[in-house]
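This briefing concerns the predicted model shown below. The points are grouped by topic.

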Amino acid sequence: MRRVAALGLVALAVMLPACANTERPEGVVERWLTSLNQGKAGEPGRYAPDDISEQVLPNWRTLDPGQLDLIEVGRGEQHDSTLFDTPIVLVPFRVVDVDDVTVVGTALVSPGGRIADLDESDPQLPLPSTGGPRIESATATLWLVAIGVAGLLILVSAGLMALVQRRSVSTS
Amino acid sequence: MDGPSPSWTLTSELHTESYRRRLLVLLSSATFFEGYDSFVLSFVLALVLGDLGGTEAQAGWIRAVTGLGAVVAFVLSAQADRIGRKRLLLITITGYTVAGALTALSPGLLWLTVAQFTAQVFLGAEWAVAITIVVEEFPREARGKALGIVTSMQTLGGILVGILAFVGLQSTPLGWRAFFVVGLIPLVLIAIGRRSMLETERYEAVRADPASEALNHANLREPWRPEYRSSVLAVGLVTFTRFAVVASASFWWAYFAQQEVGMSVSLSGLYLAAAGLVGAGGFVVAGRLMDRFGRKPVFIGYMVGTLVFGTWLFQIHDPGLMLPVLCIAIFFGLGSVAITSAFSTEPFPTYVRSRAAAWCRNAFEVPGGILGPLVVGLLGDHVSGPIGSIGDAMSLTIVALLPVTIFVAWRYVPETRDADLTHLDELAIAETGA
């Protein structure tokens, strides 16, 4: 039992660093668009002022959910801003509605994690569908960690099974 | 054969081939609608929120609360060893049909949540009792095939929801409620089942034998007796890790395709329906193969297929390549449930089989299905997740969990292709000394 508990602690120690939090502006833009796509049930105001939401999906407050058939967000880039002390992040996005109307643009995400403005599409910020980078990609280290977790879980399973089988023998 | 003198007969073959065919149709229909009802809420949730009013956060709570119903189902499904398989099957079909009707009548989110929680309790119990009936009623050489057919129906039931949405059921005057009205069809099954369905021969024979009085037919912890606990834990670990992966992949694929690959909702829906239909063949093929080559080698082959194609699937960013890989991943990933159904029933004697299946399904598999998607969501959250990509989080989860599934299945799960269930029952009674 002690061996199993020790293995559990090691597993926890390996996994805890993976839970470090980040705040990605690309995710904020994506949540805003997803919330906008909920139409009257959505709360895009949590991420952007109403006038900005109206630019992407006019009259969204009266629409049923599912007006956007496609939402795509690309990797953002930091830029200096005259409006804020710290740099803002420019995030490219594309939406296609159910009538096949496409809106492509760049969201300006403020340091507080809110969308401050929209701009035209920037060729320097390509979307994944046009050859741009994905928001995040797992590093080789993460793949090795996953293989290590698999090995650890195999050891824990073997330990558990040995424990149960030993108890079965001793009680029968 | 060792064991007591067979003064009682557990091997009688009173139930004819034609009865088994009719039984297969009935169980397949019940499982088909179980699949339909299990999938329908997540499909119409956005429409429900729009109609009844609700936020994404509330939607998350509804999903969590209703998901717990499948865990609570453990207590109900374990009753099949006490009150009989037939009676519990009919109770569960009635239960999930009535709960579906109550859902259709929902005036608000609270009512809907309670109705769907109740539906999940009955749906969760139906699965365990249906596979127990298959294992007990079909001869050794046909059990795998029958399990393959019955389990495949769950996926086809889920696909029906997509087809009904495609033809515009949500645009009828009933809106999203129409999906739950369709769920009333199983009431017909209850009428048919009450008249023509029989209790399983094996259950009847065990209960009719005076010696079985010494066996404990009611204690929920009976499967953890020293004779069975190793099999329960091994099968439990296999079903937990397998379903954590399969449920996560099923839950997150559409999101991944739409948000990270840039596929439209309609295209991803079309892919899912097409791949689901092709992938459903995985159940039937698994059923036939496991009758021929044994449960363990076929399961390990299926899991290796899931490991390779599942990991690859969530690394693909080309919609053209996505469809064939999705088909193969579903074939192996979902199809393997036909084999885990055999794992969770065949190693156990009749008097405790349903409770063992309930432990494996409701206490291990279902929690795996809740935990897996949650972990992938936390790791891959685009705002705050440490990995920041659902596709990568999913692939890494597959790499971390499926080797455990393969290892435990290979090392600890008993092979039951040639298992003689009658002999298991004889041994169980012999051990009581009665």
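In this predicted model, 37 residues of chain B are in contact with 48 residues of chain A. On the chain B side, the elements that each give two or more residues are α1 (17-52), α10 (226-260), α11 (265-279) and α17 (390-412) of chain B. The residues on that side comprise 19 nonpolar, 14 polar and four charged.

**Fold and dimensions of chain B**
- Chain B contains 18 helices and zero strands.
- With a radius of gyration of 21 Å, close to the 22 Å that the globule rule gives for 434 residues, chain B is therefore as compact as a globular protein of that length.
- The C-alpha trace of chain B spans about 65 × 45 × 35 Å along its principal axes.

**Packing of chain B**
- Of the 434 residues of chain B, 56% count as buried.
- Among the contacts in chain B with a separation of 6 or more, 84% join residues 24 or more positions apart.

**Confidence**
- For the complex, the predictor gives an ipTM of 0.82 and a pTM of 0.82.
- The average pLDDT of chain B is 87, and 96% of the residues score at least 70.
- Residues 1-12 of chain B have a pLDDT below 50; this stretch has 18 contacts in the model beyond near neighbours in sequence.
- In chain B, confidence is highest in helix α13 (residues 295-313) of chain B, at a mean of 97, and lowest in helix α8 (residues 187-196) of chain B, at a mean of 75.

Methods:
Residues are numbered from 1 along each chain as its sequence is written. Chains are lettered from A and ligands numbered from 1 in the order in which they are written. This is a predicted model: local features need pLDDT of at least 70, side-chain atom pairs count only at pLDDT 80 or more; totals for chains, interfaces and linings use all residues. Helices (H or I, at least four residues) and strands (E, at least two) are DSSP runs, numbered from the N terminus. The radius of gyration is taken over C-alpha atoms; the globule rule is 2.2 Å times the number of residues to the power 0.38. A residue is buried if 20 or more other C-beta atoms lie within 10 Å of its own, exposed if 12 or fewer, and partly exposed in between; C-beta atoms are placed from the backbone. Two residues are in contact if their C-beta atoms, placed from the backbone, lie within 7 Å. Ala, Val, Leu, Ile, Met, Phe, Trp, Tyr, Cys and Pro count as nonpolar, Asp, Glu, Lys and Arg as charged, and the others, Gly among them, as polar. pLDDT is the predictor's confidence in each residue, from 0 to 100.
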